[in-house]
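Let's take a friendly walk through a protein model, one piece at a time. Keep the sequence and the 3D view open as you read.

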Amino acid sequence: MDNKALADFFDAELFFFDLDVKSKPELFRRLVELLHEKGKIGNKNVILQTILAREELGSTGLGQGVAVPHSRSLMTKNLILVGCRTKEPLDYAAPDDIGVRLVFLILAPPQDPANQYLPVLGKLVEFVSHEEIRNKLLEIGTFEEFKNLLLGE
Amino acid sequence: MPIVPALETVIILQDLDLMIAEVNDAQSSKTIADMGFNIDNLDKLESARKELLEKLDDSILRLYNRLSRRYSHRVVPVQNNICLGCFMTQPTRFTDTGNTQLRTCQSCNRILYKI
Ligand SMILES: [Zn+2]
């Protein structure tokens, strides 16, 4: 998978700048509500429970202020990628204890014929592993700027 | 779309079971761990699973367990009256109230979720 293919999974409607949330559970509740409002998921509670269960397994915080919560659920028809920057750093139980502001949520159906879930997850993790990318993600203000950053333009 | 609580619980249970299966699968767990994710607390998923089981009626739990012995996907979508587990058309029409009852496929017996 290349950055172009990854970019195609993002949706301007599902990119949120400076989301005003104070905690990790509040973040998940808000993202799930936004997904539901936009008609992307069948049921809020199932998705929320599944995301929270994944966090029980281990924090999806990767360090350096980035988290990539991810899960499969029957309540998603297609792979969904949500981008979010929070207004304030969140206590996310990340391995380095640095507060998280950059969050990318990935949801995929259990049966994923094209098997996109792990490649998308891997590509995204690689993208945010670069310090200059993370710094720019903290500065940009539009979805277009995000796409340009992802496409290296 | 309204959804009957038993169906909601059984879908959460399946999501959880697929997550547990992914951690128990050597290849996918290695892939995820190599990306830098923590997947250490399998015991917490097991206890969350136990709590969910207590919410389910015995008959539904028996059905789910029976299906688990045959299929990794015990709850499957039904779309345009077609079970996406076995691709058989369902004789009873699924109306807009399809998820207000827990129904099973007439052919493979998997639990159906209308999408
Ligand atoms: Zn069937």
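Helices (H or I, at least four residues) and strands (E, at least two) are DSSP runs, numbered from the N terminus. With that in hand, find Pro89(A), which lies in strand S5 (residues 80–90) of chain A. Setting aside neighbours within four places in sequence, Pro89(A) is in contact with Gly99(A), Val100(A) and Arg101(A), where contact means heavy atoms within 4.5 Å. Leu102(A) sits 13 residues from Pro89(A) along the chain, and the two C-alpha atoms are 8.6 Å apart.

Before going further, a word on the ground rules. This is a predicted model, in which local features need pLDDT of at least 70 and side-chain atom pairs count only at pLDDT 80 or more, while totals for chains, interfaces and linings use all residues. Residues are numbered from 1 along each chain as its sequence is written, chains are lettered from A and ligands numbered from 1 in the order in which they are written, and side-chain values use heavy atoms, with hydrogens and water left out.

Now stay in chain A and look at two of its helices. Helix H2 (residues 24–37) and helix H3 (residues 44–57) of chain A pack at an angle of about 145°, with their axes 10 Å apart; axes are lines fitted to C-alpha atoms, for helices over the stretch in contact, and angles run from 0 to 180 degrees between N-to-C directions. On the H2(A) side, the residues that meet H3(A) include Phe28(A) and Val32(A), and on the H3(A) side they include Ile47(A) and Leu48(A). Sorted by type, the residues of this contact between H2(A) and H3(A) are six nonpolar, one polar and five charged. Here Ala, Val, Leu, Ile, Met, Phe, Trp, Tyr, Cys and Pro count as nonpolar, Asp, Glu, Lys and Arg as charged, and the others, Gly among them, as polar.

Let's move to chain B. Its secondary structure comes to four helices and four strands, running α-α-α-α-β-β-β-β from the N terminus on. The C-alpha trace of chain B spans about 45 × 30 × 25 Å along its principal axes.

How do the chains meet? In all, 31 residues of chain B are in contact with 29 residues of chain A. Together they bury about 2,500 Å², 66% of it on carbon and sulfur atoms; buried area is the accessible area (1.4 Å probe) that two parts lose on being put together, summed over both. Asp15(B), Met35(B) and Phe37(B) supply 24% of the area that chain B buries against chain A, more than any other three residues. Across this interface the rule finds one salt bridge, and the side chains of Arg72(A) and Glu22(B) meet in a salt bridge at 3.4 Å, N to O.

How values were computed:
Salt bridge = Lys/Arg side-chain N within 4 Å of Asp/Glu carboxyl O.
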